[in-house]
Structures are given as structure tokens and as C-alpha cells.
Amino acid sequence: MDKMVPYPSGAIVPERDLNKKPILETHHLGIDFGGLTAVDEFSLTVGRTEICGLIGPNGAGKTTVFNMLTNVYQPTRGTILLDGKPTAGKTTAQVNRMGIARTFQNIRLFSNMSVLDNVKVGLHNSIKEGFISSVTHLFGYRKAEKTSTERALELLDFFSMADLAKVQAGSLPYGAQRRLEIVRALATNPGIILLDEPAAGMNPSETSELMENIRRIRDTFQISVMLIEHDMNLVMNICEGICVLDHGKIIAKGTPDEIKSNPAVIEAYLGKKKEAEDNAES
Amino acid sequence: MTLISNLINGISLGSVYAIIALGYTMVYGIAKMLNFAHGDVIMVGAYISYLSTTALNVPPLLSVLIAMVVCTVLGVVIEGLAYRPLRKASSLAVLITAIGVSYFLQNAALLIWGSAPKSFSSIVPFDSISLFGGDLIITSEAIVTVITCIVIMILLNLFTKKGKMGKAMRAVSEDKDAAQLMGINTNFTISMTFAIGSALAAVAGVLLCSAYPTLTPTTGSMPGIKAFTAAVFGGIGSIPGAMLGGILLGVIEIFATSYISSQLSDAILFAILIIVLLVKPTGLLGKAVKEKV
């Protein structure tokens with residue numbers, strides 16, 4: 001794992017990413033629902049090939065941040081720069097094409113479609129195939145389909161899932177569905193992939209396999225991975241930078257070691273020390 | 001012989017219903033809305049074909065193409081102006097809007113083309129086929145209708161089952177938000193669906209009026225409702241279901257008309273629909289939606 005070093009702006013990134021533009025920057029991002037401020041002052045910089053963790057107690061606003069980053073929610077305040085370009089006013093599909101892909105907390109595969117077709121949906125924008133060739137199956141249809149099938153199988157193979165290509169996605173076992181969601185997101189050729197609780201419901205051996213896969217994704221595709229996760233073992237092991245969210249605000253940013261010893265983080269997770277002492281005394 | 005002749009007429013009428021039902025079912029499958037104006041797009045298609053053959057002296061086949069183009073544009077415009085702004089509104093609001101669009105089209109047609117029925121001349125240039133020494137007459141319209149229906153069915157199946165656009169459509173139909181996050185432009189995909197459905201409606205309009213040559217501004221509404229019934233009958237959202245439902249409905253209608261009573265035929269039709277839905281609420285080929293608890 002590389003040392004985390006600061007940009008001139010003060011934001012820290014892995015040393016190897018220092019002379020590259022960050023993949024994602026947010027400045028003072030915030031969103032209100034009615035009168036309620038769900039997330040506020042969310043400023044974060046993610047390095048080009050960084051594995052970054054977003055943690056915090058339930059209801060802290062982590063998934064809301066993901067929804068803002070993918071323009072599912074339009075932020076009320078602040079800016080998002082994806083690969084240096086602002087995403088304001090773009091649709092979710094356009095933001096995806098700009099280079100951000102994600103998975104979901106509760107799996108949202110196209111469960112009636114085959115595993116292969118799920119990945120091919122992810123490849124949608126990289127396949128050149130017009131309406132006429134789609135209807136007639138002529139004019140380059142075969143070539144386009146062949147390329148997309150090959151590419152999809154290649155991606156599936158990366159997660160040892162190529163033999164499941166013909167299976168209906170909804171009938172896969174849980175762990176495989178989680179993996180397929182990641183493959184489908186990777187198929188859109190992102191610069192950063194957002195994983196929403198990728199280890200939820202996994203046993204320790206599946207989790208360690210997942211950790212290995214996340215590192216492989218970063219190393220092979222040279223992209224950044226940002227993940228929301230409650231499994232602290234996973235977060236502390238693979239994340240280079242961690243951002244802790246509580247009640248919609250960032251309470252700490254830093255390396256795993258810094259986060260582990262940060263009093264504000266301990267307080268958010270375990271409650272106030274004062275209270276604990278008071279309870280001990282009484 | 002009357003049995004066979006009735007069967008052929010039934011399948012032919014059913015094929016028209018099936019083509020219309022495809023439009024209902026595709027739009028329902030992808031946009032999760034009932035486009036009640038679909039029946040009136042048929043009427044517009046028939047008028048366009050009628051006008052281009054009578055006023056412009058266009059050859060029949062070209063007139064069908066013109067009608068298809070006009071209806072495609074009409075379908076996309078209706079979707080863009082009336083339904084797209086309501087994408088996040090309740091389904092009831094969209095339903096009422098669709099009924100509004102339906103009345104709008106009927107009244108616009110009344111205003112433009114008047115209430116006097118036009119007599120539509122068949123676009124099929126061949127003669128009827130007479131078999132068994134004149135005992136069995138198969139009209140050329142019936143043959144053309146059935147063949148058209150089969151060709152459309154095959155093309156549509158190829159289109160949705162394979163290919164990039166078809167996959168995008170199935171993805172949008174399963175989970176619109178997830179599809180969007182995979183970079184699929186859902187608005188464009190929905191527009192495409194309306195375009196295809198409306199082009200098919202134009203074909204259906206021309207075929208319908210070739211077999212039943214009276215054209216008025218309300219010509220599309222009853223076939224529209226029956227085709228909608230056919231789509232529900234076969235399982236709404238399912239393309240083979242719309243086909244099966246349409247053809248069954250046509251056969252039932254013709255049989256009820258000729259063997260029971262022509263006045264009661266619609267009542268019998270809808271009674272059968274109710275019974276089927278009581279026994280199998282998702283329609284003949286519809287998939288039960290599994291709710292995970």
C-alpha cells in the first residue's frame with residue numbers, strides 16, 4: 001500500500017496518484033429533503049487509483065452521497081468534479097458515460113435476463129449498433145454482437161463467472177449476484193466504481209475473496225474504487241483513504257490508522273466517553 | 001366450410017388486434033403505462049393512408065409507409081409532450097392524460113376530416129382466392145394481414161431478444177433506475193418504444209380499414225379497446241402474449257358473431273376475458289410478479 005501524501009490543496013491521495021488529476025472531487029456538497037439537511041459540507045478528493053472507504057453509523061447519509069455522485073439526487077449545494085469536469089445538470093445516464101458506475105445496497109440486477117445479457121447492458125454505450133441492424137440483424141450486427149459477447153465473457157472470466165453466462169441472473173446464488181453487479185458496473189468502462197455495501201451478507205471467506213477482487217479491479221483496470229461498508233476488517237484492510245460520515249457531515253478523513261485512533265470516530269460509533277464513564281460510576 | 005371460413009376471418013381480425021396489442025403491451029412493459037390513445041393513432045394512420053391514396057394519388061404501398069412515418073412522429077410527439085413530463089407522477093395521472101390524448105385525437109380528426117364516413121379502398125391489389133369450387137373464399141386482405149402479422153412478430157422478437165436496443169428495452173422494463181445507472185438513456189428508449197408501437201398502429205389501421213372499409217374519427221377506439229383486452233388476455237407486457245391474445249380474441253369474436261349473436265359478440269368476448277382473468281389474473285402468458293418478503 002502506498003503512502004498517502006497531500007496535494008497542494010491539502011487533500012491526501014496515494015503517492016502514485018500525486019502527479020495525476022484526481023478522479024473525483026466534491027466541494028461543499030449538500031442536499032436538503034424538504035427542511036431536513038441530509039448531507040452537508042461534503043468535500044472529498046479521491047485519487048486516480050485510490051481505494052477509498054466511506055463509513056459511518058446507519059443513517060449517516062452514505063448512500064445519499066452515492067446518489068448525489070451519480071445524479072440520482074441533484075445536490076442542493078456544492079459541486080462534483082468527475083475527472084475534472086462538473087456533473088451538474090447531467091442525467092444519471094450521462095454521468096455514467098462520464099466515468100462513474102455503481103452497485104446497489106440491495107441487489108438490482110436485471111433478474112429475468114441472462115448473466116451475459118446483464119453485462120451486455122453495461123456495455124451498451126461501447127457497442128456501435130444502429131436501429132436498422134438491430135431489427136434486421138444485418139449491416140454489422142454480427143460483428144457488433146460478437147465484440148460485445150467477447151468483451152462480456154472476458155469481464156465475467158475476470159471473476160471466474162464465464163461458465164455462468166447463460167444462467168438467468170435472478171437464479172444465481174447471492175454471492176454470485178453481488179459479483180455480477182460489479183461486473184455489470186465495470187462493463188460501463190468507469191474511471192471510478194462505487195460499491196454500496198459489497199460485503200453485506202457475506203461470510204468471512206467470501207469477504208476475503210471480495211477484498212482480493214477489489215484490489216484486482218484497481219490494479220487491472222487502473223481505476224478508483226469507493227466503497228460504503230460496515231465490515232471494519234475489510235475497510236481497514238483495503239482502503240487507503242477513509243472518510244467518516246455522521247449525521248450528514250464528515251467527522252474525519254484520513255488513513256486507516258488515523259481513523260482508528262480518531263476520538264470523534266470512536267465517539268460516533270461507540271457513544272460519548274463521558275457518558276460511558278458516567279454509566280460506569282453510577 | 002363455413003367453419004374454416006370463419007376461422008380464417010377470425011385469425012385475420014385477430015392478427016389486426018395482435019398488431020395493435022403489441023403497441024399496448026410494449027409501451028406497458030417499458031413505460032409501465034396504459035396508452036389509451038394508441039387506438040386513435042390507428043385511426044390517424046388509416047386517414048393518412050386514405051388521404052395519400054385519394055388526394056395525392058400515391059401508390060397503396062407507399063401510402064402505408066407515409067402513414068407509418070406520420071404515426072411514428074405522432075407517437076413520439078405524444079410521448080414527449082403528454083407523458084414525459086409525468087414520468088414521476090402517479091400512474092393515475094398518466095392514465096387520465098392518456099384518455100385525454102385519445103379524445104384530443106378523435107376531436108382533432110373530427111375537426112380536420114369531418115364526421116362523414118370515408119370509404120376506404122383496400123390497399124391489397126390481389127383478388128380473393130376461391131377454393132373448393134367457390135365453397136371457401138379467402139380474401140386477399142385476410143392473407144396479407146396474417147402474413148404481415150407473422151413477419152412483424154418475428155422481427156419484433158429478433159429485435160427485443162437480441163441486439164443492443166432490445167437489451168436496453170428489456171433492461172429499462174425491468175429496472176428503469178438501474179438501467180439509467182448503466183448509462184442507458186431511458187427517455188430515448190421509451191421514445192423508441194412509442195415510435196415502434198405507433199408505426200405498427202399505422203399498419204394495423206390500414207389493414208383494419210382494408211377489411212372493414214368505413215373510416216370515421218372513432219374508427220380506432222373500439223379496436224383499440226379490444227386490442228387492449230387482447231394484451232391483458234395474453235398477459236400484458238408479454239409480446240407473444242399480445243400475439244396469442246389478439247388472435248384468440250379475433251377468433252372468439254367472429255365465432256360468437258356467426259354462431260351465437262352478432263349483437264352479443266362483444267358481451268361474450270368480455271365475459272370470457274373476465275373468466276380468464278379470474279382464473280389466471282396475469283393473463284395467459286403473463287408472469288406472476290414475485291414479491292420478496
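1. Before we look at how two helices pack, one definition: a helix axis here is a line fitted to C-alpha atoms over the stretch in contact, and angles run from 0 to 180 degrees between N-to-C directions. Keep in mind, too, that this is a predicted model.

2. Let's start with helix 5 (141-158) of chain A and helix 6 (residues 174-187) of chain A. Their axes come within 10 Å and cross at roughly 135 degrees. Angles from 65 to 115 degrees count as roughly perpendicular and those over 145 as roughly antiparallel, and helix 5 of chain A and helix 6 of chain A are therefore oblique to each other. The crossing of this pair is right-handed. On the helix 5 side of chain A, the contact is made by Ala152(A), Leu155(A) and Leu156(A), and on the helix 6 side by Val183(A), Leu186(A) and Ala187(A). Sorted by class, this contact has six nonpolar, no polar and no charged residues.

3. Now stay in helix 6 of chain A and find Arg184(A). Is Arg184(A) buried or exposed? Arg184(A) counts as buried because it has 30 C-beta neighbours inside 10 Å, and the cut-off for buried is 20 or more. Leaving out residues up to four places away in sequence, Arg184(A) touches Asn118(A), Val119(A), Val121(A) and Gly122(A), plus Met182(B) from the other chain. Pro204(A), on the other hand, is 20 residues from Arg184(A) in sequence and 24 Å away in space, C-alpha to C-alpha.

4. On to the two chains together. Here 27 residues of chain A are in contact with 23 residues of chain B. Helix 2 (92-99), helix 3 (115-122), helix 4 (131-136) and helix 5 of chain A each supply at least two residues of the side that touches chain B. That side of chain A has nine nonpolar, 10 polar and eight charged residues.

5. Next, the sheet. In chain A, four strands form an open sheet in the order 4-3-6-7, with antiparallel pairing. Strand 4 (36-46) and strand 7 (85-86) of chain A are at the edges with a single partner strand each, so one side of each has no neighbour in the sheet. Helix 1 (residues 62-69) of chain A lies across strand 3 (24-33), strand 4 and strand 6 of chain A, at about 70 degrees to strand 4.

6. How are the strands joined up? Seven bridges link strand 3 of chain A to strand 4 of chain A, and five link strand 3 of chain A to strand 6 of chain A. Two bridges join strand 6 (residues 77-82) of chain A to strand 7 of chain A. For landmarks, Phe33(A) stands opposite Leu36(A) in strand 4 of chain A. Leu82(A) is worth a click: it stands opposite Leu24(A), and its bridge partner in strand 7 of chain A is Lys85(A). In the hairpin of strands 3 and 4 of chain A, with two residues between the strands, Gly34(A) takes a positive phi near 60 degrees.

7. Finally, hop over to chain B. Helix 2 (residues 38-54) and helix 9 (residues 221-234) of chain B pack at about 135 degrees, with axes 7 Å apart. That makes helix 2 of chain B oblique to helix 9 of chain B, and their crossing is right-handed. His38(B), Gly39(B), Asp40(B) and Ile42(B) of helix 2 meet Ser221(B), Pro223(B), Gly224(B) and Ile225(B) of helix 9. The residues of this contact divide into three nonpolar, four polar and one charged.

Methods: Residues are numbered from 1 along each chain as its sequence is written. Chains are lettered from A and ligands numbered from 1 in the order in which they are written. This is a predicted model: local features need pLDDT of at least 70, side-chain atom pairs count only at pLDDT 80 or more; totals for chains, interfaces and linings use all residues. A residue is buried if 20 or more other C-beta atoms lie within 10 Å of its own, exposed if 12 or fewer, and partly exposed in between; C-beta atoms are placed from the backbone. Two residues are in contact if their C-beta atoms, placed from the backbone, lie within 7 Å. Two strands pair if DSSP finds at least two bridges between them. Angles under 35 degrees count as roughly parallel, over 145 as roughly antiparallel, 65 to 115 as roughly perpendicular and the rest as oblique. A crossing is left-handed if the near helix is turned anticlockwise from the far one by less than a right angle, and right-handed if clockwise. Ala, Val, Leu, Ile, Met, Phe, Trp, Tyr, Cys and Pro count as nonpolar, Asp, Glu, Lys and Arg as charged, and the others, Gly among them, as polar.
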